[in-house]
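User: I am new to this structure and would like to learn how to read it. Could we go through it feature by feature?

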There are 2 protein chains.
Amino acid sequence: MSIYLEALETQVREALDSENLESLRPILADQYAADIADILERLDDEDKLKVFGLLEPELAAEVLDETGSEATRSLLRQLSAEQVGDLLDQMPMDDVLEILTEDVPERQEELLAAMEPEDAAEVRDLLQYPEHSAGRLMTQKFVRIPPNITVSQALQHLRRVDDEVETVNDLYVLNGGSRLVGVVSLREVVTSPPERRVSEIMETDVITASPETDQEEVARMIARYDFLAMPIVADDGRMLGIVTVDDAIDVLAEEHTEDMLRLGAVSDGALFDQPYFTVSLLRVLRSRFGWLLLLFLADTLTGNVLRLFEDQLAAVVALSFYIPLLIGTGGNTGSQTVSTIIRGLAVGDIHLWDTWRVLRRELLGGLLLGTALGVVALIRSYTWDYDIHIALVVGLTVVVICAWSNLVGSFIPLLARRFRIDPAVVSAPLITSVVDATGLFIYLTIARIVLGI
Amino acid sequence: MSIYLEALETQVREALDSENLESLRPILADQYAADIADILERLDDEDKLKVFGLLEPELAAEVLDETGSEATRSLLRQLSAEQVGDLLDQMPMDDVLEILTEDVPERQEELLAAMEPEDAAEVRDLLQYPEHSAGRLMTQKFVRIPPNITVSQALQHLRRVDDEVETVNDLYVLNGGSRLVGVVSLREVVTSPPERRVSEIMETDVITASPETDQEEVARMIARYDFLAMPIVADDGRMLGIVTVDDAIDVLAEEHTEDMLRLGAVSDGALFDQPYFTVSLLRVLRSRFGWLLLLFLADTLTGNVLRLFEDQLAAVVALSFYIPLLIGTGGNTGSQTVSTIIRGLAVGDIHLWDTWRVLRRELLGGLLLGTALGVVALIRSYTWDYDIHIALVVGLTVVVICAWSNLVGSFIPLLARRFRIDPAVVSAPLITSVVDATGLFIYLTIARIVLGI
């Protein structure tokens, strides 16, 4: 794959250097939109436009759909409203919506005015739904059939509307033109006797979602039930559109990136679908600095705790040797728990009503892990300092810190969920700060008691 | 969704309690396999079997396909080889393969013997391919047509083979019965004139993968090109099977869970597709203890470093107050970088040949972030201790540690990739240990020089 892409990139760059652009036209016409988009993202703004200009309108629209927002912005900036309008008219309206709201929000009205009135109206329709809702992700271009027609009539209808719909894998059976009463797959239509009524072969027990449903939830349902599309139905039973499996995959992939970066304390959502090298370094740094600063300030708490125990630390310098080890162990135990709980919440294995069950389980787990690790810590400490009292302090601290970290690590994500905050945002970095400061307090309190200092 | 599932679970439990199982039969027959699987996972072994026994064979096979491995194991343990064989015969062979290799490997031969010879032969075929390869994920039950037939003949053929194939969304055009020469979608077939030749409407520029390709790569390609299935073709051009989009979604979801848990230092791959409550606590603890112990031992390095500077720490106790803050900042900066790089590597934004470019970028980024944060640290330290020398040490250390963490955080994942180790496994926990120990060395060396102790 990448070898192939590299070769294509070389070809494009050579044509740009020799200003022999026309030679590229037939080559590009044969490529997949996703591949062309990848190449465009690696060119500078001027070259982007030159290459983009070589594409047939239909392919150009597909490519625009595949480029990350930085590249999309760059291309749209260089094109007139009329040119952009023509491209947008050829794209699925949910993707147009994304461009108009996320990539070039400042040109939304201007571009809508340049689109076909019918398409613009559809976009305005979708714009009513909340951000990140299924409504924003759906397409209204699905196959609608009435229940009383025959299979062969359904096939005729399908041929007639083929150009106007996005997918034909499922035919939606609507009563009175808008009420969803059943679904029939194209496979079923093709393999049923032509004179059979649609109403006899349709599946009537249809899983649907409302347009207000969160995109991730709809994507998970599509994945769970192996659907190719999910019908979106209003509260009054009117069918509004479908969300297709390729959109579901994109939503899940974006969520994956978000979770990864958030666990790593990178916060800027706008960066999540951007290729590594396309984002300017300054932009990246801005997105990282916020969290780093916040965590730094939270971590200064550890300094406050240590100051409380200044006398003990001055009396027994060896105590400070174990500080990083002990808070590291607390952090590691906690982050194992956090990632397990966040994942469980996300896929729906854990619900809020399981809170006590989860906390009990994690507390017990932490105590058991802590005991096993505490024995190791006690031995290691004794073979280091040959001081059984210090070894006892270290071993005991490991037991308590592991139990405590597990408790905090399961409680914080559940708390975030209760307040409808994405657990992935607050948990991973926050827990480390909490566990660091409280862990030190636990450590030095145990030291004070055991060593009698 | 979950409210609906809760109600279903209550119904099932009530029927079990009142031993009125027959009443469940019609209710279960109407449910989706994924929902029944969810309920089964929450029942004890005996009840699992009772409820499972109420399902019609076809639905039972689908449910078995959806249960996590613990539940699958429990059910299969309680069924005879003949019973299991009949169920497996009705499942997609790639899913049978997963059960035979991952869930009940000890019964592989016995169960293969109980299956239809034809199905067993297909499974043995797939078994040749390496683990986690596309070959293990594919189905051989796709629609094969020759290029010279007409559209209406293709439709007739499709109706004949409908029962034997898994999906009909795409028809694969094979020359000489096995060489892939083109693909035509069912949509195209249905909307083309009946007398048209398949060879005239087929797409000949087909993207394929080899059976040895990694599953994640195939899944990513399916997502990238919005495919419903990807043909798998041997080196000699013979088409072997297809990987379908629902399998691709499962692979990507599993990867997501893996990444999350690995970033949190949970290592046991077998736990990744298990619901939180189904896995026994001891099993979870075993999977966590390994990493915790390893990280603990790695973290003892920090103790060694601190011992090197015993005199300095004894002379200026205030130095120890900053230890958690400084290594915490190093860890946070590093983990931001690690998660960015791992993500970039996974989605293919970053390649090995970009190594130097990445390292330069991250080093520069670390220096800039460090400078900004260092100023904050200097001010905070001065307002704490009113000692400009200590404040200078702390500020300077933040600059160097940020740059260093960024370097380590980008280098380790790239190194792992070079040695074909999954970067997510080694990086996140390892980097913290490396950064902790080296960060302390940096801190106390700067202190020794600046404070002259």
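User: In which sense do strand 2 and strand 3 of chain A pair, and over how many bridges?

Analyst: First, some conventions. This is a predicted model, in which local features need pLDDT of at least 70 and side-chain atom pairs count only at pLDDT 80 or more, while totals for chains, interfaces and linings use all residues. Residues are numbered from 1 along each chain as its sequence is written, and chains are lettered from A and ligands numbered from 1 in the order in which they are written. Helices (H or I, at least four residues) and strands (E, at least two) are DSSP runs, numbered from the N terminus. Two strands pair if DSSP finds at least two bridges between them. Here strand 2 (residues 170-175) and strand 3 of chain A pair in the antiparallel sense, over six bridges. Tyr172(A), for example, has Val183(A) in strand 3 of chain A as its bridge partner.

User: What sheet do the strands form, and which of them are at its edges?

Analyst: The sheet is open, with three strands in the order 1-2-3 (chain A) and mixed pairing. Its edge strands are strand 1 (143-145) and strand 3 (179-185) of chain A, each pairing on one side only. From one strand to the next the twist averages 35°. Angles run from 0 to 180 degrees between N-to-C directions, and axes are lines fitted to C-alpha atoms, for helices over the stretch in contact. Two residues are in contact if their C-beta atoms, placed from the backbone, lie within 7 Å. Helix 12 (residues 151-161) of chain A packs on the sheet, touching strand 1 and strand 2 of chain A, and its direction makes about 145° with that of strand 1 of chain A.

User: How is the packing of two helices described?

Analyst: By the angle between their axes and the distance between the axes. Helix 3 and helix 5 of chain B pack at about 65°, with their axes 8 Å apart. Helix 3 of chain B contributes Ala33(B), Ala34(B), Ile36(B), Ala37(B) and Leu40(B) to the contact, and helix 5 of chain B contributes Leu59(B), Glu62(B), Val63(B), Asp65(B) and Glu66(B). Ala, Val, Leu, Ile, Met, Phe, Trp, Tyr, Cys and Pro count as nonpolar, Asp, Glu, Lys and Arg as charged, and the others, Gly among them, as polar. On that scheme the contact has seven nonpolar, no polar and three charged residues.

User: Why does Gln215(B) count as buried?

Analyst: A residue is buried if 20 or more other C-beta atoms lie within 10 Å of its own, exposed if 12 or fewer, and partly exposed in between, with C-beta atoms placed from the backbone. Gln215(B) counts as buried because it has 24 C-beta neighbours inside 10 Å. Gln215(B) lies in helix 15 (residues 215-224) of chain B. Leaving aside neighbours within four places in sequence, its contacts are His132(B), Ser133(B), Ala134(B), Leu137(B) and Val251(B).

User: Which residues of helix 6 of chain B are buried?

Analyst: In helix 6 (residues 69-77) of chain B they are Ala71(B), Thr72(B), Ser74(B), Leu75(B) and Leu76(B). Their cover includes helix 3 (33-42), helix 4 (45-52), helix 5 (57-66), helix 7 (81-89) and helix 8 (93-103) of chain B.

User: How many residues of chain B are in contact with chain A?

Analyst: 93 residues of chain B are in contact with 93 residues of chain A. Helix 20 (residues 323-347) of chain B gives the largest share of the chain B side, 16 residues. That side divides into 52 nonpolar, 23 polar and 18 charged residues.
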